[in-house]
Amino acid sequence: MRRVAGCALILLLATGCGASSPTLDQAAQTLAKDAKKLEYLHPTVNKKIVDKTGGDGNDFTTCPEKGTAFRFHQLSGDFAKDNQYTPAQLADLTTRPLQDALMRVGYKIDRNASWVQPGRSFVILHKEDPGITFIVLVQASQPNIEVIGKTDCLSVSQ
């Protein structure tokens, strides 16, 4: 599982690192707002949020152009105990609301990089403007839900 999450993060870091018209601050504000909408969509325990959407979250390490950086927001958690559904069933039931919430605010699914199988899904969604990518991983094994949002590499306002 950690290997899948690690590969997902590498894929996320490698996507969309070209400078474009929105600033990093603008994209990060949108990222934070969109990520907050997901925090309440699923019943979880052991919830962990890493919010690096503020100015102290600038990461210049994988951006090829000087003066560009990215920021990210990560949410993970486990399904609460449920006597009605198995973890695999909960994974199947949880993916769609997370995906739909992002699609309602302008994200499009990358169907070539996303996949779904019983009890596990890996969905990549991208919002072209201002340049944000989300990876949504939902599975029967723990952590059951991992959502990572990342801005493209964008100009850092000085």
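**Side-chain pairs and backbone points**

A: D100 counts as partly exposed, with a relative accessibility of 25%. Its salt-bridge partner is R96, with N and O 3.1 Å apart, and R96 is exposed at 52% relative accessible area. This is a predicted model, and every value here is computed from it. The two residues both belong to helix α3 and are four residues apart, so about one helical turn separates D100 from R96.

The structure has four salt bridges in total. One of them joins D25 and R71, whose closest N and O atoms are 2.7 Å apart. That pair links distant parts of the chain: D25 sits in helix α2 (residues 24-38), and R71 in the loop between β2 (68-69) and β3 (72-79), 46 residues apart.

Two lysines are placed over aromatic rings. K150 lies over the face of F70, 4.9 Å from the ring centre. K47 lies over the face of Y40, at 5.9 Å from the ring centre.

How many aromatic pairs does the structure hold? There are two. In one, the ring centres of Y107 and F134 are 5.3 Å apart and the planes stand at 80°, so the pair is edge-to-face. Y107 is in the loop between α3 (87-104) and β4 (108-109), while F134 is in strand β7, so parts 27 residues apart in sequence are tied together. Y107 and F134 are both buried. The pair of W115 and F122 is stacked, with 6.0 Å from centre to centre and 20° between the planes. Of these two residues, W115 is partly exposed at 33% relative accessibility, and F122 is buried at 7%.

Next come the backbone points. The peptide bond from Q142 to P143 is cis, with omega near -5°, and P143 is placed in the loop between β7 and β8 (145-151). N144 is found in the loop between β7 and β8 as well. With a relative accessible area of 3%, N144 is buried. Its side chain reaches the backbone nitrogen of F79 at 2.7 Å. Apart from neighbours within four places in sequence, N144 is in contact with G77, D78, F79, L137, V138 and Q139.

Another cis peptide bond runs from D129 to P130, with omega near 25°. P130 is in the loop between β6 (120-127) and β7 (132-139).

The last point is N46, which has a positive phi of about 55° although it is not a glycine. N46 is located in strand β1 (residues 44-52). Is N46 buried or exposed? At 57% relative accessibility, N46 is exposed, because the cut-off for exposed is over 50%.

Conventions. Residues numbered from 1 in each chain as written. Predicted model: local features only at pLDDT ≥ 70, side-chain atom pairs only at ≥ 80, totals over all residues. Heavy atoms only, no water. Buried < 20%, exposed > 50% of the residue type's maximum accessible area, 1.4 Å probe, protein only. Polar contact = N/O pair within 3.5 Å; in protein donor to acceptor, adjacent residues only side chain to side chain. Contact = heavy atoms within 4.5 Å. Phe/Tyr/Trp six-rings, centres within 6.5 Å; stacked < 30°, edge-to-face > 60°. Lys NZ or Arg CZ within 6 Å of the ring centre and 35° of its normal. Salt bridge = Lys/Arg side-chain N within 4 Å of Asp/Glu carboxyl O.
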